Amino acid sequence: TLEKQLLGQLADASGNILENETLIKSLEGTKAAATTISESLAESSRLQADLDQQREVYRPLATLGSHIFIMMRDLHTMDHTYRFSLEAFMVLFNKMLDLELGTNDPTEKLTMMAV
């Protein structure tokens, strides 16, 4: 790792470490690598937060889908003829997704479906 490499070079340095050009170049390289790593971590955190936000847009749809699935699954308790397959649920769910609700904005459409 960068830390072990730098510590090894410091331990092996002889004389005035401020005049050791190899060590100074190594320190500059380590500093540049640390800056790059910090920037990458910040970008990764930002991307993760963005993905979490995008994922949350679809949570109401997932909730609605699970409620519909549970309702269809439990209908057979009322009458044995109400038995639906997963394929039947998927057909119903896809029809629900294809509904024209007067908007193309996913957030608005999901809000309208969840009502």
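Some ground rules come first. Residues are numbered from 1 along each chain as its sequence is written, and side-chain values use heavy atoms, with hydrogens and water left out. Since this is a predicted model, local features need pLDDT of at least 70 and side-chain atom pairs count only at pLDDT 80 or more, while totals for chains, interfaces and linings use all residues.

On confidence, the chain has a mean pLDDT (the predictor's confidence in each residue, from 0 to 100) of 85, and 98% of its residues reach 70 or more. Helix α2 comes out highest, at a mean of 91, and helix α5 (residues 106-114) lowest, at 74. Helices here are DSSP runs (H or I, at least four residues), numbered from the N terminus. Where pLDDT is low, the predicted coordinates should not be read in detail.

Next comes the packing. Two packed helices are described by the angle between their axes and the distance between the axes. For helix α1 (residues 2-12) and helix α2 (residues 21-57), the angle is about 165 degrees and the axes are 11 Å apart. Axes are lines fitted to C-alpha atoms over the stretch in contact, and angles run from 0 to 180 degrees between N-to-C directions. The pair is therefore roughly antiparallel, a label given to angles over 145 degrees. The residues that meet (contact means heavy atoms within 4.5 Å) are Leu2, Leu6, Gln9 and Leu10 from α1, and Leu23, Ser26, Leu27, Thr30, Ala33 and Ile37 from α2. Sorted by class, this contact holds seven nonpolar residues, three polar ones and no charged ones. In that scheme, Ala, Val, Leu, Ile, Met, Phe, Trp, Tyr, Cys and Pro are nonpolar, Asp, Glu, Lys and Arg are charged, and the others, Gly among them, are polar.

Thr30, in helix α2, counts as buried because its relative accessibility is 16%. Buried means under 20% relative accessible area, exposed over 50%, and partly exposed in between (1.4 Å probe, protein chains only). Setting aside neighbours within four places in sequence, Thr30 touches Leu2 and Leu6.

Gly29 is partly exposed, at 38% relative accessibility, and Thr35 is partly exposed with a relative accessible area of 38%. From Thr35 to Leu23, 12 residues apart along the chain, the C-alpha separation is 18 Å. Gly29 and His76 sit 47 residues apart in sequence, with 68 Å between their C-alpha atoms.

Conventions. Helix = DSSP H or I, 4+ residues; strand = E, 2+ residues; numbered from the N terminus. Parallel < 35°, antiparallel > 145°, perpendicular 65-115°, else oblique.
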